[in-house]
Amino acid sequence: MTALLDIAGLSVNFPVAGGLFDTLIPGRKRYIDILDGISLSLKSGETLGLVGESGSGKTTLARSILGLSPISAGTITFNGAELRSRQSFTNMRRSSAMMFQDPVASLSPRMSVGALLTEPFIIHGVVMQNRKVKAEELLSRVGLSKDMANRYPHELSGGQARRVGVARALALHPKLIIADEPTTGLDVSVQGEILNLMTELKTLMGLSYMIITHNLAMVRHVSDRIAVMYLGRLIEVGPTREVFKKPLHPYAKSLIASEPQPDPRKRRADLAIKGEIPSVLNRPRGCEFHTRCSIAQDRCRSEAPQLRAIGIDRIVRCHFA
Amino acid sequence: MSAALLRVENLSIGYDAGIGQIQALRAANLEAHGGEVIGIVGESGCGKSTLVAALINLLAPNAHVNSGAIYYKGTDILTMDRESQRHLRGPDIAMVFQDPMTTFNPVITLGDQLVDFQHHIDGVSNAEKRKRAGELLARAGIPDPELCLRRYPHELSGGMRQRASIAAALLMTPNVLVADEPTTALDVTMEAQIIHLLRELRTDYQGAIIVVTHHLGVVAELCDRVYVMYAGQVVEQGLVDDIYHAPKHPYTRALIACDPAHFEEHTPILPTIAGRVPNLLYPPKGCSFADRCDMATSRCREITPPWVRISETQYALCHEARP
């Protein structure tokens, strides 16, 4: 299988708003690295889970893949073509789609569901026979009734709005769907319905997914591979089953251990991880995780670990993995 | 067991909706004792928020108490006048809200707000009040409380804000602490820390803690007793271990089965609960869960299920439940 999406050494940085001196003196302008040297590939038909705490750069990565955030360094190759120009990103967006975090906010409150579903065709200048028929077809594909087409977003429940989000993402038969927290705010039973729908459509339409989430219990069941991010860097990538069975990076380990277990007999006495994710403005020296790591040594405080390959399909950024 | 600190009896609340009344809460019963952590679980629309709003007397203007009472230390708080109700909030019943950003005023520093919260305490100087606020922030696990007191809410991360709002609630030394989805807006790592904090607090805190959530993992980690709600009713109550290991109501069983955290192995098709929550404008005549239940018989659709006693601590609202 060839890679559908290939990201190599991707970095994104934003200028920091500084004081008067910083603006007047050229070269004084400071930048913060939101993403640093991300290399990741997604095979056709694969589901990749991207996990990490808030502020780890997951959403920025998704935005830069779609050309919504300017890239500072590195390359993104989609379907064999490198993405550079605005036009190449526009073409790329024609065959990929994003499911946004807040489904109600991502739908225009002034448009009916039917109009929202056929809007992608108009944006990309794709001819459709009959707008109404097309909308109904998309609705039935995601398990909603035809009369939903006349409703407005505020009349939908959380689960229905998610389904509309899925239908809209599917409209142009994309190859890749990037789903940003596809199930936050949903009840567990509805969450299962949406994930089952996504899995079903994946086999039916030959989709690839990149699922961005901090819900580990969910990503464990839907993704084939998992990439863990910390402060804008990848710290572990590997097949989901293996990462959950034996996480190599201490951060991945404590992230998995932090997930509350739905069993009162398995209550944990102590905390797997303390403190908060540091600010990207003030990155720790050496290994960036050493401030919260339980096995940190002197070496971790001075020397930054590099990504290393372990076995054939796992990589990890830790001195002691 | 000692007399309950808080007792909700047969409480029914409806919302006027023009075309009728939405029966958001139907004959709910609940008891909370000092030193206990109670969990209320259920999905959206099950009435948990209405119950909580009633507990702290913050019901919406279109809400109607159709029947029932909430006894706090033996007095029905629903029949009190507004002024006495207001005096209860804070020193007696305090609340931690879901969204820590909207808990605080964005244009006043945390220190000034935490001092203001103590306005009802007489004969204590502002400096002492500030010192006490600092102590509680430290108790809630904020590393540099002095610095935190000088900060504005937007300068803190979500986890820190939630810690600060727990500290603000504890400032009143309430007898009942109600936490509505206290970890929903947070990352897993922060969630684990807030659970840890709440668990630590119960050891040196004499009051009752009521945690409302849809996250079964949070309840399992934190609570002593659980109330499971569905379509405005409490459908099962019991000790946390019984609820998770010997659930008697089909809804409790289905809800637990749905949680993806339950499966260690890769499960591509996750279990769901087929069907929808009934429309509470016209609540069903029989059992509200009958339409989605695989054990349902014609009796379930016609006759209101009884509140079956399973053991001294466990009860279920189901025709089929047996001890």
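Contact here means heavy atoms within 4.5 Å. These legends all belong to a predicted model, where local features need pLDDT of at least 70, side-chain atom pairs count only at pLDDT 80 or more, and totals for chains, interfaces and linings use all residues. Residues are numbered from 1 along each chain as its sequence is written, chains are lettered from A and ligands numbered from 1 in the order in which they are written, and side-chain values use heavy atoms, with hydrogens and water left out.

**View 1. Where chain A meets chain B.** Here 39 residues of chain A touch 47 residues of chain B. About 3900 Å² is buried between the two chains, with carbon and sulfur atoms giving 51% of that. (Buried area is the accessible area, taken with a 1.4 Å probe, that two parts lose on being put together, summed over both.) On the chain A side, A:His221, A:Pro262 and A:Arg267 lose the most area to chain B, together 19% of what that side buries.

**View 2. A salt bridge from A to B.** A salt bridge is a side-chain nitrogen of Lys or Arg within 4 Å of a carboxyl oxygen of Asp or Glu. The count between chain A and chain B is 2. Look for A:Glu193 and B:Arg276, whose side chains pair up at 3.5 Å, N to O.

**View 3. Helix 6 beside helix 7 in chain A.** Helices are DSSP runs (H or I, at least four residues), numbered from the N terminus. The axes of helix 6 (residues 158-170) and helix 7 (residues 188-205) of chain A come within 10 Å and cross at roughly 15 degrees. Those axes are lines fitted to C-alpha atoms over the stretch in contact, with angles from 0 to 180 degrees between N-to-C directions. So helix 6 of chain A is roughly parallel to helix 7 of chain A (the label covers angles under 35 degrees). Among the residues that meet are A:Val166 of helix 6 and A:Leu197 of helix 7.

**View 4. Helix 7 beside helix 8 in chain B.** In chain B, the axes of helix 7 (residues 158-170) and helix 8 (residues 188-203) come within 10 Å and cross at roughly 20 degrees. Helix 7 and helix 8 of chain B are therefore roughly parallel to each other. Residues making the contact include B:Ile166 from helix 7 and B:Leu197 from helix 8.

**View 5. A salt bridge inside one helix.** The side chains of A:Arg141 and A:Glu137 form a salt bridge at 3.4 Å, N to O. Both sit in helix 5 (residues 131-141) of chain A, 4 residues apart, about one turn of the helix.

Technical notes. Helix = DSSP H or I, 4+ residues; strand = E, 2+ residues; numbered from the N terminus. Parallel < 35°, antiparallel > 145°, perpendicular 65-115°, else oblique.
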